[in-house]
Amino acid sequence: DKASIAAMEALSKRDGKAVAYLGTFNPLAEEGKQVVLKEEEILKYLSHGAQPTETVKSILTKAGIWAKFQETKKK
């Protein structure tokens, strides 16, 4: 089963309405097709203060997106 990666309002309930859907994660898919991410949108939300969960941060790190975000913070 696929899990959605979404941006949520900080004060919303855990199962509240998502602000934006930024990707999917399917651990049962074949290697290389498990994660689908909208990189530009993710970087935009991170640059505006979005805080990823530890699980999402791990996914972003493996995809190289977290490193790109860290580079933009240095500028």
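1. Nonpolar core. In this predicted model, the largest nonpolar core is made up of twelve residues. They are Ile-5, Ala-7, Ala-20, Leu-22, Ile-42, Leu-46, Val-56, Ile-59, Leu-60, Ile-65, Trp-66 and Phe-69. Two or more residues of this core come from each of β1, β2, α1, α2 and α3 (65-74).

2. The buried side of α3. Three residues of α3 are buried, namely Ile-65, Trp-66 and Phe-69. Seen down the helix axis, the buried residues of α3 fall within an arc of 100°, so they line one face of the helix. An α-helix has 3.6 residues a turn, so residues three or four places apart point the same way. Ile-65, Trp-66 and Phe-69 also belong to the largest nonpolar core.

3. What covers α3. The cover over the buried residues of α3 includes β3 (35-37), α1 and α2.

4. Largest pocket. The volume of the largest pocket is about 570 Å³. Its lining consists of 20 residues, and those that lie nearest the centre are Ala-6, Ala-7, Met-8, Gln-51 and Pro-52. Ala-7 is also one of the residues of the largest nonpolar core.

5. Origin of the lining. Elements that give two or more residues to the lining of the largest pocket are β1 (3-8), β2 (18-25), α1 (39-47) and α2 (54-63). β1 gives the most, with five residues.

6. Sorted by class, the lining of the largest pocket holds 14 nonpolar residues, five polar and one charged.

Notes: Residues are numbered from 1 along each chain as its sequence is written. This is a predicted model: local features need pLDDT of at least 70, side-chain atom pairs count only at pLDDT 80 or more; totals for chains, interfaces and linings use all residues. Side-chain values use heavy atoms; hydrogens and water are left out. On a 1 Å grid over the protein atoms alone, a cavity is a set of points where a 1.4 Å probe fits but cannot get out, and a pocket is an open set with protein on both sides within 12 Å along at least five of seven lines; lining residues have an atom within 4 Å of a point. Grid points are joined across faces, edges and corners, and a volume is the space filled by probe spheres set on the points. Helices (H or I, at least four residues) and strands (E, at least two) are DSSP runs, numbered from the N terminus. Ala, Val, Leu, Ile, Met, Phe, Trp, Tyr, Cys and Pro count as nonpolar, Asp, Glu, Lys and Arg as charged, and the others, Gly among them, as polar. A nonpolar core is a set of buried Ala, Val, Leu, Ile, Met, Phe, Trp, Tyr and Cys residues joined through side-chain atoms within 4.5 Å. Buried means under 20% relative accessible area, exposed over 50%, partly exposed in between (1.4 Å probe, protein chains only). The arc is that of the directions from the helix axis to the C-beta atoms. Contact means heavy atoms within 4.5 Å.
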